[in-house]
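Have the viewer open as you read.

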Amino acid sequence: MRQEYSLNAKQKEAIETLEGPVLVIAGAGAGKTKVITERIKNLIASGLDPSSILAVTFTNKAAGEMRNRLNAAADLFIGTFHALGLLIIKENVIRLGISKNFSILDEDDAIKLVKECIVALSLNPKEFDPGRIKNNISRLKNKLMTPEKFIADGFFAEKLEKIWAAYEVEKQKQHFLDFDDLLIKPVLLFQNEKNTLEKYQNKWKYIHIDEYQDTNEVQYMLVKMLAEKYKNIMVVGDIDQAIYSWRGADFRNVLNFQRDYPGAKVITLEENYRSTDIILEAANFLISNNRARLPKNLWTKNKGREQIKVIFSEDERKEAEIVAKEVAYLSQTVPLKNMAMLYRTNAQSRSLEEALLQHGIPYKIIGGVRFYERREVKDILAYLRLIQNQNDTISKKRILNVPPRGIGKAASLKILGNFSNITRAEKQKKEEFELLIQGLKQDSLELGTHECIKKLIKKIGYRAYIDDGTEKGMERWQNIEELLGVAKKLNGGLSEFLEHVALFSVDDRYDAFGENRVSLMTIHTAKGLEFEAVFVVGLEEGLFPHALSISSDDVEEERRLCYVAVTRAKSHLYLTLAGRRTIFGERIANTPSRFLKEIPENLLMFINKPEEIEENIIIE
DNA sequence: AGTAGACTTTTTTTT
DNA sequence: AAAGTCTACT
């Protein structure tokens, strides 16, 4: 992905400004990663101790790429906000009153815990959807709100507060931190202990923040605190690529940078080194429909040879079929690994996959049902979490009878401590289970994680349990083998392994130089990547922009998402749409996305365009 | 305690 | 349409 070109004047200015606050506004493909890495190189070349440099990225993938470009050796922190938070927490567990054996709750388990709290409060989980409640809690936490400070107005808010309070208590009891805690705890620590904050301020004197438009309030606070003393901070961002507001991100942080850091130098990078002029012009027209933005006009020296192809098809199957055929055709000149199919929702990958299989085109899905969330993987991880943190009842509950060892619902409740009328047989089962965990704990102290997991699988007979000879069973076993592979590669202790599993997701495995396959992923996942040929599928009202964003009046974020999608393409761009689509097993007729109409027709080449696209609704 | 079949939910995006 | 959850029966 490295761009081989000499630096332009603006880029030079950015990488040669080594002191003070700097805001770099960098459009898509303008070389922002290059600016950060080159500036870090300059800092090190000027004699600065690398360990006083901090670089925070939005994804692990971006962090990995940055580290590659810095030729690995340099000893500095490059990582996500969550990894940074975890580092600070681990160095201050005692001050924070957190058990050393804490575990990180993944989103799944966090929602489970919320559900338990809802049930414990005698509320109906159907009325108070655990996932939605968890979202609400998360949004509030990311604004540094607490259940105590929260002023509940109205029935729902009152219940929310109760559930939230119970959730926090339960987390404390079971030695859990959720993703939000990884950011909040350091901020609270710094607010309460100025000398601790100062220690970190003195440690990280030169701070770099990537994707600043996607920082939320806690992240913003954390950065502000760390940068306050020396004010050597470079943030890089692009408001037009802000696509995480639903997660609490606030692109106004970019707009406020000059207010927060008076005298900040502002550098705007507008020359794009990625796409053709045709693709860029389309992107510029599209995004100019947004009101909330800073005027910016990306330009390029790349002359495009082909228009953007807009392909209409009857339904999602035909859409996938055409896309697969086009990929096969393109593959004569463009390697598969330089092509990507991008979609709004994960569910769309299915039809694409089927068509690719039929055509025998190798592909890989990035993201989707995430690896660490697969049932068999979670089972094994639950054992490991319980070994590490005996207070973790979420994991205990999960594996008490997995594989089946005669502990049913009733016995399970008693063993988890809710009842005292335990029978002799149940008591024995309980003791056997405890013995098993103790034994495994001993193994984990004596063996490396890889060996430890192998022994665990053997002891509980897990392979026989999941690998039943069917194709699915084989696949499950393969996932376990992959997990073993991760453990072997990491070659560290159990807690290190569990941390890795908690903070790194599958998309981190994406490798631009790896196997020759087409990539399939959501547009969110594609942020920061680039491909010779890009297929953006499903450009229909209701899907993209998504119906939920239309009803909540947030189409501008969808448009930014479309802008991100379009600007991933270097030379070939395809926009496809279907007249009807199966959603929830129901055939739905769709009209073309408004985004298509926002691109001037002279940049487009229509294929299979129906006579009257507006009246493309057919009653079946 | 374990399972087959009914019933329900899913699909917005994720560190 | 498919996967997950619940229920009632063995």
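A residue is near a molecule or strand here if one of its heavy atoms lies within 4 Å of it. By that test, the residues around DNA strand C are K115, R350, K472 and F584. Sorted by class, that surface has 3 charged residues, 1 nonpolar and no polar ones. For that sorting, Asp, Glu, Lys and Arg are charged; Ala, Val, Leu, Ile, Met, Phe, Trp, Tyr, Cys and Pro are nonpolar; and the others, Gly among them, are polar.

Before going further, a word on the ground rules. This is a predicted model, so local features need pLDDT of at least 70 and side-chain atom pairs count only at pLDDT 80 or more, while totals for chains, interfaces and linings use all residues. Residues are numbered from 1 along each chain as its sequence is written, chains are lettered from A and ligands numbered from 1 in the order in which they are written, and side-chain values use heavy atoms, with hydrogens and water left out.

Now zoom out to the protein. Chain A comes to 28 helices and 17 strands, counted as DSSP runs numbered from the N terminus (H or I, at least four residues, for helices; E, at least two, for strands). Its radius of gyration is 26 Å, close to the 25 Å that the globule rule gives for 620 residues, so chain A is as compact as a globular protein of that length. That radius is taken over C-alpha atoms, and the rule is 2.2 Å times the number of residues to the power 0.38. Along the principal axes, the C-alpha atoms of chain A fill a box of roughly 80 × 65 × 50 Å.

How much of chain A is buried? Of its 620 residues, 53% are, where buried means under 20% relative accessible area, exposed over 50%, and partly exposed in between (1.4 Å probe, protein chains only). Contact means heavy atoms within 4.5 Å. Among the contacts in chain A with a separation of 6 or more, 77% come from residues 24 or more positions apart.

M225 is buried, with a relative accessible area of 8%. Apart from neighbours within four places in sequence, M225 is in contact with V187, F190, Q191, L197 and Q201.

What about charged pairs? A search of the whole structure finds 48 salt bridges, each being a side-chain nitrogen of Lys or Arg within 4 Å of a carboxyl oxygen of Asp or Glu. One of them joins D178 and K141, with the closest N and O atoms 2.9 Å apart. D178 sits in the loop between β5 (176-177) and α9 (179-192) and K141 in helix α7 (residues 130-141), so this pair ties together parts that are 37 residues apart in sequence. Both partners, D178 and K141, are buried.

R252 and D250 also form a salt bridge, at 2.8 Å from N to O. R252 is partly exposed at 48% relative accessibility, and D250 is partly exposed at 23%.

Finally, look at E326 in helix α15 (residues 316-330). E326 is buried yet has no salt bridge; the nearest side chain of opposite charge, K309, is 4.2 Å away. In this scheme Lys and Arg count as positive and Asp and Glu as negative, with His and the chain ends not counted. Beyond its neighbours within four places in sequence, E326 is in contact with K309, F535 and Y574.
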